Structures are given as C-alpha cells and as structure tokens.
Amino acid sequence: MCGIIGYTGKNKVKPIIIDALTTLEYRGYDSAGMAVYNPDKKRTEVYKCAGRVRDLSKVCEDKNIDSTCGIGHTRWATHGGVCDANAHPHTQGSVTVVHNGIIENYKDLVEEYDLASSLKSETDTEVAAAVLDRCHAETGDPKKAITKAVRKLKGTFALVILFDGEPDVIYSIRNVSPIVATLSEEGAMLASDLTALTRFTNKYFVVPEYTIVRMTRDSVTMWTLDGREVEPEYLTMDWEKNSADKNGYPFYMEKEIMEQPKAIRDTISGRTKAGIPNFEADNIPDSLFTDCERICVVACGTAMHAGLVFQSLVKTRLQMHIDVEMASEFMYSDPVIDDKTLVIAVSQSGETIDTLEALKYARRKGARSLAIINVKGSSIARESDYVMYTNAGPEIAVASTKAYTTQLAVFYLIVYKMAHIRGVMDDDEVRECIRNLKRVPEVIGSVLDGRKAVHVIARGLLEAKDLFMIGRGLDYSILLEGSLKLKEVSYIHSEAYASGELKHGPIALITDNTPVVAVVTQERLMSKELSNIREVKSRGAAIALFIKADLIQQSTREFDTFMLPNLPDELMVFPASVALQLLAYYVSSDKGFDVDKPRNLAKVVTVE
Ligand code: F6R
C-alpha cells in the first residue's frame, strides 16, 4: 500500500523524489521519507518524518542535497505506529531500504539473527534491512546479499535498496507487491506504480517477481535468483503525459468525476463493430462466454459493487447463475468453482491482493478467467487468461469514481455480447442497447452540468451523523456504492438498504435526525419505492430524492429532488451513480476534509 520511488540519473534527486511521492501519496500518507547518497561524506543520508510529503519537504528544505541518486517512500502503517522512527527508509549497517508489503516472518528473523538490540523502529522493514546487511557483510556483494536475504523472507515485498559502497546504484527485488521501472535519457527510475513515471516516459516495464534489479544512471540490469540475466519487457503507457495532474481542480476526486464522459467513451470505443459488441481487439474468443455455465465475480469495495450491477443484468438478460464474491472472503467460503465457471476479477489498480489471491484460487480449481482492470500490466491483469482494460486513465483520488463507471461500461458490453452470442437477443435488440449505451457519456455530461443542484442537496447533509440510502433492484445495487462513497470521504455513517427490507429492523433507527437518500429510476419498482419513502418520511426523516425525469409526479415534488436525465431504466445506474459521487464529494469538501486522502485509507490495498 505504500508508495515507493527510486531515481538515479543526470538530475538532482530531491525534487524528483518529492514530486513523485506527492503523486504517489494516495497509496499511503501517514509518513514520508527519502534516502540519498552524499558523495562528500561517502554515505547514505536519511530524511524522514511522520506526516505528509509536504512535511518531508520541510524537513529537507534547508539541507544541501546535491545527490542525483536516491529512494523515497510514503507510508501506510502496517507494523508499528505512525512516528518518525517507523517512517521509511530504514538503515542497518551499510544497507538502506524502503519497502511495500509485509515480511510475515520478521519475528523469527529477529531471533535468528539476534537483532532485537540493534533495531531502532517497530517495523518489519528494518528487520529486512538488517538481514540484507548481515548477508552483505557475509558475501561482500550486493547481488549475492539480496539473493541470500530474500530466500529468508516470507510474505509480500517490494524492496528498494541502497548499499553504501555503491554510490549512484539502486537495487530492487519484489514478491507480489508491484514495481515498475524505466530507463530514459534522464536516468533510471522505478516506482510502486505508473503514475509516478508518467511525467518522464511512456515506456516502462514491470519488474518480474524474484528478479534482482540493478539500476545505474544509464543502465538497468536484471537477474533471476540463480544468476540468469533477464531482459526488461517494455510496455507502452497510453495515459497522457499530464493525466496524473489536477488540471486546476481542487481535488482529484472532482477532476475524476468530471472525466467520466470521456473515460466511458474511451472504454466503449473499439469494442463494437456494426453496432454489436466485438472484443477482437482484446483477443477474447466468443467461447469464453459460450462455454461457461456459471459466472463468479471476485472483487473488493467499489469494484465489487460494479459486479453487483452486473449480477442484476446477468439474471435479467441471461437468466444465468452468477455469484458476486468479496474477494477477501472468497477462498475461505469453499466456493463452487469448476471448469465451467467463468471467473471475472475486477480491479482498478490490478494489485489488490485479495482479488489477486481469489483469482489464483479460482484458476487452480479449473475456472477460466477474465480480468477487468484499469492499470495495464498489473499483477491481476498478468494472472488472468484474458483482460479487458477500462480506459479510465490514472485514478488518483482514494475514492474510486471513474474506475467504477468504466467497469460498469465493460460489464454492459459483456452482457450484451453474451446475450447476442448465446442467442438471447437478436442483432436489432443488441444494436438498440449499444446505441443507448453510447448515449451514456452525454447523459452523464448533463448530470455534471447540473451539479450545483446536487451541491444544494449536499449542504442539507453536512450535520448528519447517520444516514440511510434506500432503493430497490438496480437502484439498491448502486446505493451500496453511493453509500460507501459518502462514508469514506465524509465520515458520515451511511447504510444502503433495500427499501423493502427497511421495515424488518433498521426503520427503528429512523428519526428526524436521520436523513434518507432515495434513488428511484426503475419504473416497475417505482410505486413500491415511493411507498417505502413515505414510510420513512412519516417517521420524521428528511428525504433527498434522486429520480429519473420521466418518473417525476406531483407527489414526488414534496421532497428535495434531483432530476436524473432519462435513459432506458437498465442504464439509469450511470447518471444516478454520478449524482451520488457528486453528493459525497460536496459533503466532504464542504466539511473541509482532504477529499482525496480520507482517514485511514490507501488507494492500493496490497495487504490481506
Ligand atoms: C472505494 C475504493 C475501494 C476499492 C477497493 C478495490 O472508493 O476505491 O473500495 O474499490 O479497494 O480496489 P481495486 O479496484 O484497485 O482492486
């Protein structure tokens, strides 16, 4: 979950590290640090502190750092509290390390190497540094030291290492936790994720697992642990150079909400032919969708919520068996998986460890797999038989927005594709669905144009401590996501409930201090939904209603209403979701919170 950067090249390293860590801060933001080689003193110097990257900037402000080689880290605490001592980098002897992941056997290593008295922090990382240092002392060679040390480490790790005796050289090795790297005119660079590299180059490679990387200012060399040299496999990043900038928005979350029409257009584009879904460009054979008897979606958080919308569509359109599983629970629930199961792993980052492990488990059980991923070349993308990329561009705000709606767009394409090739819908029906799907960006555009009205509704929620979101069918599926969004960025306790279920218990919590957000977009469920809304209204709740324009009637005008532009009911999840994202955003920003970096969270969850 932590952000990592390493640079060795022509330029001064301090501004490069600070800049990259600022970009990577969404991965964790409780402490920050950097280590640079000081050529005058012939040793590595470490600057670090609890707090944000801006605090680290202050720590190094008046320091004369001339180095052109260094490593940096922004932390999401796992072992040890948030304090200066636990911030990375960690130095032991001749070795300085930054780390992402967890060294599971760190306690055993402390005993084996008798490290207890020499440790200055409570972190597993410092233990890894100490083991590396011991191995370095024994072998006198960084490569041999890394080879020996990693054989001792259990768990997931991306380690970036400086050895005192080798100025201007950066080493790295990883297991599971990602590292991407590049070599450009400016030097060699590596990072925990692509966003840190976008300003430098559009070429990068993913460091293979258990491969030692040695970077100098004009070379990158890699070896397997048995000493075989490995060539980097370069990929091209299709993100625009400045796509990770805020472009004048106060927060990434707002920028990313606003980018959704383009992101969805880019995701649909190239995936239809003559108005019919076509996945030739993704190299996906039709048999992937015709040979399966059941579908299982594995994902976490927002990505899992996208799966729930898909579940409704699959049931309605295909009448197929589908499960949507929280990836973190999946393996431990003895899931029914066989070679007739199509497992779909959904992830923005492509690095969520629970989703990755769930996918691996399903594949071991014989399932065929498809991944819906935003970050190219990420671990889940590489693990899956097939991949469909959501072309959302970099998503930096911790709260996911454009990744979600682009995941939905891919799911709609899959449903229409399956309905077509399984003979459930004919050409004309599918073309009509695709025509409507292609209207989604424009319709989202009009929600965005009307965002001031959502802001007005948001102002009515600023004092709320608890809140309910209610709806039925597809509306309920998207409210789960709307509620997650609100709680994570505004810290209001929000629960999404199927409207009809409310009476079976939770209605006891409704008072005049419990606002209720209701979404009504499904004509066939409307009259029941409106009855449920009146039930809570008559118990004192203030209602904020998000309703499809065509469904507005005289009786709904008594509520604070946001009118959602019309699409066929099946597609109303798009405008409704965007309106709920705006609601969460405005509540958070009006409360003065750091919208992009909610308390306790990190963007990429690489620990189980
Ligand atoms: C919430 C959010 C998280 C992620 C979840 C999965 O706004 O962003 O719930 O959706 O951690 O992350 P990915 O999609 O990267 O696997």
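1. What is the volume of the largest pocket? In this predicted model, the largest pocket has a volume of about 680 Å³. Its lining comprises 31 residues, and those closest to the centre of the pocket are Cys300, Gly301, Thr302, Lys603 and Val605.

2. The secondary-structure elements behind this lining can be listed. At least two lining residues of the largest pocket come from each of α9 (301-318), α10 (327-330), β20 (341-347), α11 (353-364) and α16 (474-490). The largest share belongs to α9, with 4 residues. Sorted by class, the lining of the largest pocket contains 15 nonpolar, 11 polar and 5 charged residues.

3. Where does the ligand sit? The ligand is placed in the largest pocket. A shell of 14 residues surrounds the ligand, the closest being Ser347, Gln348, Ser349, Thr352 and Glu488. Both α9 and α16 contribute at least two residues each to the shell around the ligand; these two helices also each supply at least two residues of the lining of the largest pocket. The shell divides by class into 5 nonpolar, 7 polar and 2 charged residues.

4. A polar side-chain atom of Glu488 is 2.4 Å from an oxygen atom of the ligand. A polar backbone atom of Gln348 lies 2.6 Å from a ligand oxygen atom, and for a polar backbone atom of Ser400 the distance to a ligand oxygen atom is 2.9 Å. On its own, the ligand has 400 Å² of accessible area, of which the protein covers 89%. Glu488 and Gln348 are both among the residues closest to the ligand.

5. The second largest pocket holds about 360 Å³ of space. Its lining consists of 20 residues, and Glu240, Lys262, Asp266, Ala392 and Gly393 lie nearest the centre. Which helix gives the largest share of the lining of the second largest pocket? That share, 3 residues, comes from helix α7 (residues 260-268). By class, this lining has 5 nonpolar, 7 polar and 8 charged residues, whereas the lining of the largest pocket has 15 nonpolar, 11 polar and 5 charged residues.

6. The largest cavity contains about 200 Å³ of space. It is lined by 23 residues, with Asp193, Leu194, Ser349, Glu351 and Val375 nearest its centre. Ser349 is also one of the residues closest to the ligand. The lining of the largest cavity divides into 10 nonpolar, 6 polar and 7 charged residues.

7. The second largest cavity has about 60 Å³ of space. Its lining residues are Cys2, Arg75, Trp76, Thr78, His79, His88, His99, Asn100, Gly101, Thr123, Asp124 and Thr125. The greatest contribution to the lining of the second largest cavity is that of β6, with 3 residues. In terms of class, the lining of the second largest cavity comprises 2 nonpolar, 8 polar and 2 charged residues.

8. Most residues other than glycine have a negative phi, and most peptide bonds are trans. The peptide bond between His88 and Pro89 is cis, with omega of about 0°. Pro89 belongs to the loop between β4 (69-75) and β5 (90-92), and His88 is among the residues lining the second largest cavity. The other feature concerns Ala274, which is not a glycine but has a positive phi of about 50°. Ala274 is located in the loop between β16 (272-273) and β17 (276-277).

How values were computed: Residues numbered from 1 in each chain as written. Predicted model: local features only at pLDDT ≥ 70, side-chain atom pairs only at ≥ 80, totals over all residues. Heavy atoms only, no water. 1 Å grid on protein atoms, 1.4 Å probe; cavity = no way out; pocket = protein on both sides within 12 Å on 5 of 7 lines; lining within 4 Å. Points joined across faces, edges and corners; volume = space filled by probe spheres on them. Nonpolar A, V, L, I, M, F, W, Y, C, P; charged D, E, K, R; others polar. Near = heavy atom within 4 Å. Polar contact = N/O pair within 3.5 Å; in protein donor to acceptor, adjacent residues only side chain to side chain. Areas by Shrake-Rupley, 256 points an atom, 1.4 Å probe, with all protein chains shown as cover. Sits in = over half its atoms within 2 Å of the grid points.
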